[in-house]
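Subject: Structure for you to look over

Dear colleague,

Here is the structure I said I would pass on. My notes on what was found in it follow below.

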Amino acid sequence: MDGMVKPASRSRQAEADRRRNLLEAAERVFLRKGYAAATMDDVARAAGMSKRTLHQRLESKTALSEAMIAASLAPLRIDAGLVEHEPDIARALGGMLLTCARHFLAAQQCELFRVIIAEV
């Protein structure tokens, strides 16, 4: 069994890939059309799935946008053990801030924030 992926593990990975593809498709649609103009049909088409399948995964456009935003912020999760690896607290905090700045100032994130602000 060495080197072989268990079926349950493969299934979880496939599901994670499908979710990531769905959220990426939603982001493309929202960036292109804006949140208000985008429809679940648009997202389903962009993701290569039926609207019914999309609604089975995320029940509403609001839930879809919340999942998309959560996924876009996931890289910012701070490792609580960072201080153990970097005992200089100023250096550790500086590294965290630099990571946040790079993330938030990336072109894709700026576009996403533009869409969010336009909807507010």
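Buried here means under 20% relative accessible area, exposed over 50%, and partly exposed in between, with a 1.4 Å probe and protein chains only. The model is predicted, so to speak of local features requires pLDDT of at least 70 and side-chain atom pairs count only at pLDDT 80 or more, while totals for chains, interfaces and linings use all residues. Residues are numbered from 1 along each chain as its sequence is written, and side-chain values use heavy atoms, with hydrogens and water left out.

Salt bridges

Asp-42 forms a salt bridge with Arg-45, with 2.9 Å between the closest N and O atoms. A salt bridge is taken as a side-chain nitrogen of Lys or Arg within 4 Å of a carboxyl oxygen of Asp or Glu. Both Asp-42 and Arg-45 lie in helix H2, 3 residues apart, which is about one turn of the helix.

Glu-15 is partly exposed at 33%, and Arg-57 is partly exposed at 28%. A network of salt bridges links Glu-15, Arg-18 and Arg-57.

Another salt bridge is formed by the side chains of Asp-41 and Lys-51, at 3.8 Å, N to O. Asp-41 lies in helix H2 (residues 40-47) and Lys-51 in helix H3, so this pair ties together parts 10 residues apart in sequence. Asp-41 is partly exposed at 33%, as is Lys-51 at 38%.

Aromatic rings

The whole structure holds 2 aromatic pairs. The rings of Phe-30 and Tyr-35 have centres 5.3 Å apart and planes at 55°, so the pair is tilted. Rings of Phe, Tyr and Trp (its six-membered ring) pair if their centres lie within 6.5 Å; planes under 30 degrees apart count as stacked, over 60 as edge-to-face and the rest as tilted. Phe-30 is buried, at 2%, whereas Tyr-35 is partly exposed, at 21%. Phe-104 and Phe-113 form a tilted pair, 5.5 Å centre to centre with 35° between the planes. Phe-113 is partly exposed at 27%.

Tyr-35 also has Lys-61 over its face, at 4.4 Å from the ring centre. The rule is NZ of Lys or CZ of Arg within 6 Å of the ring centre and within 35 degrees of the ring normal.

Surface and fold

Phe-104 lies in helix H6 (residues 89-104) and is partly exposed at 31%. With Leu-73 and Leu-105, Phe-104 makes a nonpolar surface patch of about 280 Å². Patches are made of residues with over 30% relative accessible area and no salt bridge, like charges being joined within 9 Å and nonpolar side chains (Val, Leu, Ile, Met, Phe, Trp, Tyr) within 5 Å.

The chain has 7 helices and 0 strands, as DSSP runs numbered from the N terminus (helices H or I, at least four residues; strands E, at least two). Of its 120 residues, 26% count as buried.

Regards

Methods. Areas by Shrake-Rupley, 256 points an atom, 1.4 Å probe, with all protein chains shown as cover.
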